[in-house]
Amino acid sequence: MSAPHTDVEQVEAANTAFYEALEQGDFDGVSALWLTPADLGVDETYHDPADVGVISCVHPGWPVLTGRGDVLRSYALIMANTDYIQFFLTDVHVSVTGDTALVNCTENILSGGPAPEDGEELGPLVGQLVVATNVFRRTSDGWKLWSHHASPVLTENDEADAPEDPESDENPS
């Protein structure tokens, strides 16, 4: 396998590594892909790296998380409570300007719930469609995540389940 030769290829590889680490439940791999305060020149002697708000993350339906402590804790919780997850990325678009890169993509997520008590197999598989923006920053160790923001995509089925506007049922006089 040849090493990537362009910034776009390197960012694509870092983005892929992030999702692969999530699929494998590799907390150390996920952690290594996020910026550290030292990557940004923050002196960790005077700042607790867990509290420095140099990174941010928004999971679908969650509030904004900032700082390595909160962001990495969220991934630890997700991995501990997800028996199976697989990401099929589509509509991936990478742009690089200087030492910053932006990746927009659609996460087609397939996840499995806990196994029923009487069986050893996974519970039912659930699909979810999410759009994501991942911001990377170049470091001496390669491209690392600076921010991840993911939002659910409403499908036609979601819209059909939503209650209708009561005013639309009124007859005009």
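## Close-up views of a predicted model

**View 1. Leucine 40 sits in the loop between helix 2 and strand 1.** The model is predicted. At 26% relative accessibility, leucine 40 counts as partly exposed. Setting aside residues up to four places away in sequence, leucine 40 touches Leu35, Val54 and Arg137. Arginine 138 is 98 residues from leucine 40 in sequence. In space, the two C-alpha atoms are 9.9 Å apart.

**View 2. Aspartate 39 and lysine 144 join their side chains in a salt bridge.** The N to O distance is 3.2 Å. This pair links distant parts of the chain, 105 residues apart. Aspartate 39 belongs to the loop between helix 2 and strand 1. Lysine 144 belongs to strand 6, residues 142-152. Aspartate 39 has 22% relative accessibility, so it counts as partly exposed. Lysine 144 has 9%, so it counts as buried. The cut-off behind these labels is 20%: buried means under that value.

**View 3. Arginine 138 and aspartate 7 meet through their side chains in a salt bridge.** The N to O distance is 3.0 Å. Arginine 138 lies in strand 5 (residues 125-139) and aspartate 7 in helix 1, so the pair ties together parts that are 131 residues apart in sequence. Arginine 138 is partly exposed, at 31% relative accessibility. Aspartate 7 is also partly exposed, at 29%. A network of salt bridges links Asp7, Asp99 and Arg138.

**View 4. Arginine 73 forms a salt bridge with aspartate 70.** The closest N and O atoms are 2.7 Å apart. Both residues lie in helix 3, which spans residues 68-80. They are three residues apart, about one turn of the helix. Arginine 73 has a relative accessible area of 47% and is partly exposed. Aspartate 70 is partly exposed too, with 36%. Across the whole structure, the search finds four salt bridges.

**View 5. Phenylalanine 18 and tryptophan 34 form an edge-to-face aromatic pair.** The ring centres are 6.3 Å apart. The angle between the planes is 80°. An angle over 60 degrees counts as edge-to-face, and the centres must lie within 6.5 Å for rings to pair. By this rule, the count is five aromatic pairs. Phenylalanine 18 lies in helix 1 (residues 7-24), and tryptophan 34 in the loop between helix 2 (27-32) and strand 1 (56-58), so the pair ties together parts that are 16 residues apart in sequence. Both residues are buried. One aromatic cluster is formed by Phe18, Tyr19, Trp34, Tyr75 and Phe87.

**View 6. Arginine 137 places its charged end over the ring of tryptophan 146.** The distance from the ring centre is 5.1 Å. Arginine 137 is also one of the residues that leucine 40 touches.

**View 7. The whole protein chain gives the setting for these close-ups.** The secondary structure comprises four helices and six strands. From the N terminus on, the elements run α-α-β-β-α-β-β-β-β-α. The chain has 173 residues, and 31% of them count as buried. Among contacts between residues at least 6 apart in sequence, 49% join residues at least 24 apart.

Technical notes
Residues numbered from 1 in each chain as written. Predicted model: local features only at pLDDT ≥ 70, side-chain atom pairs only at ≥ 80, totals over all residues. Heavy atoms only, no water. Phe/Tyr/Trp six-rings, centres within 6.5 Å; stacked < 30°, edge-to-face > 60°. Helix = DSSP H or I, 4+ residues; strand = E, 2+ residues; numbered from the N terminus. Buried < 20%, exposed > 50% of the residue type's maximum accessible area, 1.4 Å probe, protein only. Lys NZ or Arg CZ within 6 Å of the ring centre and 35° of its normal. Contact = heavy atoms within 4.5 Å.
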